[in-house]
Amino acid sequence: MMIKFIGVSICILFCSLLLKDSNRPFAVVLSITGVFILFFTAVNQLKDIVETVLGFSSVSSSTLAYSKLMLKILGIILITKVVCDICRDNGENALASTTAAIAKIIVVSLVLPLFETVIGIIGGLTK
């Protein structure tokens, strides 16, 4: 499966490089479209991972909540990485940096309840 992804990536790269001099806008669209096709194809492979993680967490409801949180954060990180790379490839470094910073803020806000739980557990152990 990985060979297919690498092959498609190399084909998109060569086509984009060939078109870059003669038709820059089309090369950019081709590159972005290729990224999204590869990304969404890879996301379909994540289905097995999600099912496995949720299967591990079926023991208790609290583990299920933490597993869902972990998967949500993983999704945010993957999507942000793809979007930031697209922005940087098109010369929008400021937009990429801002997007990355916003994603970090969102991840921290999602993890805050977990920190609260851990601090509560530590506080209960020290009493």
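Q: Why is K72 called partly exposed?
A: K72 has a relative accessible area of 49%. Buried means under 20%, exposed over 50%, and partly exposed in between, with a 1.4 Å probe and protein chains only. So K72, at 49%, counts as partly exposed. K72 is found in helix α3, where a helix is a DSSP run of H or I with at least four residues, numbered from the N terminus.

By the way, this is a predicted model, where local features need pLDDT of at least 70, side-chain atom pairs count only at pLDDT 80 or more, and totals for chains, interfaces and linings use all residues. Residues are numbered from 1 along each chain as its sequence is written, and side-chain values use heavy atoms, leaving out hydrogens and water.

Q: What makes the reach of α2 close to the expected one?
A: The expected span is 1.5 Å times one less than the number of residues. α2 has 33 residues and reaches 48 Å from its first C-alpha to its last, close to the 48 Å expected.

Q: Where does α2 bend?
A: At Q45, by about 30°. That's the angle between axes fitted to the seven residues ending there and the seven starting there.

Q: Which residues of α2 are buried?
A: A27, G34, L38, F39 and V53 are.

Q: What classes of residue make up the lining of the largest pocket?
A: There are 13 nonpolar, five polar and four charged residues. Asp, Glu, Lys and Arg count as charged, Ala, Val, Leu, Ile, Met, Phe, Trp, Tyr, Cys and Pro as nonpolar, and the others, Gly among them, as polar.

Methods:
Helix = DSSP H or I, 4+ residues; strand = E, 2+ residues; numbered from the N terminus.
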